[in-house]
Amino acid sequence: MTEEVKPKSKLPLIIAAGVITLALAGGGGWWYVQQQKAAAMEIAATQALPATAMVKKPVFLPLKKFVMSVKGDDRLHYLMLELSIMSYSEDQLKVLEDYMPVIRNAVITLVSGKDYESLSAQGVIPVLQSELKDYLGKVMNEMNSSNGIDRILITKMVIQ
């Protein structure tokens, strides 16, 4: 009686090798995609800053105490506002100092046209900063053909 030895099937070994290969390829692909995303986010963060911000330090021109009345539905309200103009050019800020009455007038003109409800709404500060930057930039372009205003910062705002 001789026993015949059946050859063992290599199919399970081939399937295991295929699964391991697919898992390694998938893991490598995932790692590559994550590295590309990180590189793209780093480039985007670098591009978000103005080129002058990477080279120069910003300078500020504070505008102290604007006090004005603001219309409300039932009564008159008062607004106290303090700002700072930020620029990357110290020379431009010196020019802005020469036009201080024009700048103060522009701020009062823009803000006094608003009502109590819009000035006391949630999230009004970034919107107001943007409007002031655009308006002051326009006024300075008309007066001096350049504005030098990179950003407007509201440093204090009280409305009652």
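**Exercise 1.** In which strand is the place of isoleucine 154, and is this residue buried or exposed?

*Solution.* The model is predicted, so local features need pLDDT of at least 70 and side-chain atom pairs count only at pLDDT 80 or more, while totals for chains, interfaces and linings use all residues. Residues are numbered from 1 along each chain as its sequence is written, and side-chain values use heavy atoms, with hydrogens and water left out. Isoleucine 154 lies in strand β3, where strands (E, at least two residues) and helices (H or I, at least four) are DSSP runs numbered from the N terminus. With a relative accessibility of 13%, isoleucine 154 is buried (buried means under 20% relative accessible area, exposed over 50%, partly exposed in between, with a 1.4 Å probe and protein chains only).

**Exercise 2.** Determine which residues isoleucine 154 touches, not counting those up to four places away in sequence.

*Solution.* Taking contact as heavy atoms within 4.5 Å, one finds Leu81, Glu82, Leu83, Ile125, Leu128 and Gln129. For leucine 128, which is 26 residues away in sequence, the C-alpha to C-alpha distance to isoleucine 154 is 8.5 Å.

**Exercise 3.** Describe the phi angle and the setting of lysine 65.

*Solution.* Most residues other than glycine have a negative phi. Lysine 65, by contrast, has a positive phi near 30°; its place is in strand β1, and it is exposed, with a relative accessible area of 52%.
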